[in-house]
Amino acid sequence: MNDDTASTPLPPLHSGGCHCGAVRFEARVDLSHVISCNCSICTAKGLLLAFTPAENFTLQQGEDRLNEYRFNRHVIGHMFCTACGTEPFARGSMPDGTPMVALNVRCLDDIDLAALTPMPYDGRNS
């Protein structure tokens with residue numbers, strides 16, 4: 001039996017949350033592919049995003065403190081804390097339909113943002 005997943009290392013586990021701490025999560029995510037999107041919401045909020053399959057994301061606390069905002073084509077659920085207004089993550093689907101979570105890298109604990117190399121993404125025109 002050939003199990004290709006056994007030889008594929010899991011992405012690192014990161015913890016994060018909103019500004020006030022009401023929302024907390026853990027996610028396995030590769031931070032070598034962070035994007036800086038220029039769509040209206042990412043620009044206004046200064047979001048840096050990293051994507052991971054939904055199965056790699058665990059909301060630890062704060063489901064009752066989250067609200068969702070959708071705009072434009074309404075395909076991404078931007079989740080924000082109703083107490084502090086921070087958007088720690090968003091929910092959507094990859095182009096192939098796989099459920100995914102877009103993490104606001106700025107909301108991850110102990111991340112050296114200066115060590116990351118965000119790639120520009122033209123969300124404004126896509």
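Author: Helix α2 gives the most to the lining of the largest pocket, with 3 residues. This is a predicted model, in which local features need pLDDT of at least 70 and side-chain atom pairs count only at pLDDT 80 or more, while totals for chains, interfaces and linings use all residues. Residues are numbered from 1 along each chain as its sequence is written, and side-chain values use heavy atoms, with hydrogens and water left out.

Reader: How is a pocket defined, and which residues lie nearest the centre of the largest pocket?

Author: On a 1 Å grid over the protein atoms alone, a pocket is an open set of points where a 1.4 Å probe fits, with protein on both sides within 12 Å along at least five of seven lines; lining residues have an atom within 4 Å of a point. Here, 27 residues line the largest pocket, and F51, R73, V75, I76 and Y121 lie nearest its centre. The elements that give two or more residues to this lining are β3 (35–37), α2, β4 (49–53), β8 and β9. Helices (H or I, at least four residues) and strands (E, at least two) are DSSP runs, numbered from the N terminus.

Reader: How much space lies in the largest pocket, and how do the residues of its lining divide?

Author: A volume is the space filled by probe spheres set on the grid points, which are joined across faces, edges and corners. For the largest pocket this is about 700 Å³. Its lining has 17 nonpolar, 7 polar and 3 charged residues. Ala, Val, Leu, Ile, Met, Phe, Trp, Tyr, Cys and Pro count as nonpolar, Asp, Glu, Lys and Arg as charged, and the others, Gly among them, as polar.

Reader: Which residues lie nearest the centre of the second largest pocket?

Author: They are P11, R28, T52, P53 and N56, from a lining of 15 residues. About 250 Å³ of space lies in this pocket, and β4 supplies the largest share of the lining, 3 residues.

Reader: How many salt bridges does the structure hold?

Author: Side chains of opposite charge can pair when their charged atoms come close. A salt bridge requires a side-chain nitrogen of Lys or Arg within 4 Å of a carboxyl oxygen of Asp or Glu. The structure holds 4 of them. One joins D109 to R24, with the closest N and O atoms 2.5 Å apart. Because D109 lies in the loop between β9 and β10 and R24 in strand β2 (residues 24–28), the pair ties together parts that are 85 residues apart in sequence.

Reader: In the salt bridge between K45 and E87, how far apart are the closest N and O atoms?

Author: They are 3.1 Å apart. K45 belongs to helix α2 (residues 40–45) and E87 to the loop between β7 (77–81) and β8 (89–93), so parts 42 residues apart in sequence are tied together. Buried means under 20% relative accessible area, exposed over 50%, and partly exposed in between (1.4 Å probe, protein chains only). K45 is partly exposed at 39%, whereas E87 is buried at 5%.

Reader: Is N104 buried or exposed?

Author: N104 is buried, with a relative accessible area of 7%. This residue is found in strand β9 (residues 99–104). Contact means heavy atoms within 4.5 Å; leaving aside neighbours within four places in sequence, N104 is in contact with L47, L48, L49, E87, P88 and F89.

Reader: What is the phi of D110?

Author: Most residues other than glycine have a negative phi. D110 has a positive phi of about 55°, although it is not a glycine. D110 is found in the loop between β9 and β10 (119–121) and is exposed, with a relative accessible area of 80%.
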